[in-house]
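Subject: Structure handover

Hello,

I am passing on the structure we spoke of. Please look it over first; my notes follow below.

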Amino acid sequence: MAPNLHTYYKTVDSLAEPFIDRLRQAVAIPSISADEERREDVVKMGMFLKSELEKLGAHVEARPLGKQPHKEHLELPPAIIGRYPAKKDESKRTILVYGHYDVQPADLSDGWATEPFKLSIDDKGRMYGRGSTDDKGPVLGWLNVIQSHKEAGIEFPVNLLMCFEGMEEYGSEGLDDFIIAECKPGKFFEDADAVCISDNYWLGTEKPCLTYGLRGCSYYSIEISGPGQDLHSGVFGGTAQEPMTDLVRVMGSLVDTDGKIQIPGLYELVAPLTKEEQSLYKDIAFTMDNLYESLGSKTGIYPDKERTLMGRWRYPSLSLHGVEGAFSQPGAKTVIPAKVTGKFSIRTVPDMEPPEVDKLVFAHVEKAFKSLNSQNKMNVFLQHAGKWWVASPKHWNFTAAAKAVEDVWKVKPDLTREGGSIPVTLTFEQATGKNVLLLPMGSSTDAAHSINEKLDRRNYIEGIKLLGAYLHYVAEEPTK
Ligand SMILES: C[C@H](N)C(=O)N[C@@H](Cc1c[nH]cn1)C(=O)O
Ligand SMILES: [Zn+2]
Ligand SMILES: [Zn+2]
């Protein structure tokens, strides 16, 4: 064990209640980046982080990122960047950590069992609340690592650079250019020796993992309009062409029940499966029961774990998310919506280039709409795109994290890829030229983006130990 870690772990345990209280305060701020009405709360959450970090003695700045593209009336929430200790120690490694302080939308009426913006802890230590696992718990994890070192009187093992953003759930708008600029000589992130991101999840509930790949995400809208206003279906049904009917048919042409994408040419962009890669899947600690537990049902597409993991990590998927402008309340309103906007996204994988994907998507949607012979108007456009990322886990950054996992969790971690997306991961890798590691805190049953999102108390507290231990092992690792 690295020196001082025993004392560090004991201190984390002794501070568990204040750390949970810090998470309670963070969850209470509804920092929903996709909701214009909540922009002040997103900024409030950024300022909460800034003030907590300042109290811990870090150097912190809230950097403006300008106006939101396509919504120029909105200011983007700031990037909260920090350095701890405030003065750099030239003899130590510098680790850059990233996380996001915005969250997905949530409302009690979506089916939550508890108020989404009030941390509710049950008798099994499950801490429910929007953002608990994605990504407020892990972000606060880094603050808690600093506090535990201070209170234990242990020297901080590295120079820690922090970058926390408030638009990740909306495609990390504005952050790429900022990161690229701040990695240049003389700028804030110039010294980073490696990068660590805690913003994904274990594959199951018992075995931790280190992650070396992510899928990308290209998010699209299809807008269909016709009548000048919403109409009475008794008066106009059978006399007017209906935008919603067209939209449902176009959206229905994108993907089948088994998840097979129907856009011609799309699978041709995907890198072929090699024998070497195929052999990796059987050793991963994942079972179909893990899938069913986190699905909350047995409605998986494949019966076996290998194909299921490939479906999540190395093949693209297309999901239909919703329809803006459509009637969605309980009851039986007999309306014909005048304009509807369908939303869907494609999770992209090596070697899919986003502009090529866009071309195929637009061509397919336009053809599908044309085939309807509708007089309505259709417009398809990309909302945002983030690229996939796959890196090498053969690096001291991963070795240090594996040692920390073994120390804290008494088990060797699995090496995994992730089906979700963290758009700036590739940007960090390219702008710093350094290795990037994903070191998750939460588990497969945390229900990120879903109702009843939670983080287990055990994952939070042991996760704080893990992040701190990782920094200690990073400090000890030889360069090669
Ligand atoms: C994995 C990460 N915690 C996450 O949830 N990422 C989002 C990012 C995203 C992409 N487009 C919009 N948001 C995700 O994978 O959906
Ligand atoms: Zn998320
Ligand atoms: Zn996240």
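Ligand 1 lies between domain 1 (5–215 + 388–476) and domain 2 (216–270 + 315–386), because both give residues to the shell around it. The domain bounds come from an automatic or database domain assignment.

This is a predicted model, in which local features need pLDDT of at least 70, side-chain atom pairs count only at pLDDT 80 or more, and totals for chains, interfaces and linings use all residues. Residues are numbered from 1 along each chain as its sequence is written, while chains are lettered from A and ligands numbered from 1 in the order in which they are written.

The mean pLDDT (the predictor's confidence in each residue, from 0 to 100) is 97 for the protein, and 99% of its residues reach 70 or more. For the complex, the predictor gives an ipTM of 0.98 and a pTM of 0.95.

Around ligand 1 there are 14 residues, the closest being Asp-134, Asp-199, Cys-217, Gly-420 and Ser-421. A residue counts as near if its C-beta atom, placed from the backbone, lies within 6 Å of the molecule. At least two residues of this shell come from each of helix 4 (132–152) and strand 11 (216–225); helices (H or I, at least four residues) and strands (E, at least two) are DSSP runs, numbered from the N terminus.

As for the two domains, the C-alpha centres of domain 1 and domain 2 are 34 Å apart. Contact between them involves 9 residues of domain 1 and 9 residues of domain 2, where contact means C-beta atoms, placed from the backbone, within 7 Å.

Regards

How values were computed
Contact = placed C-beta atoms within 7 Å.
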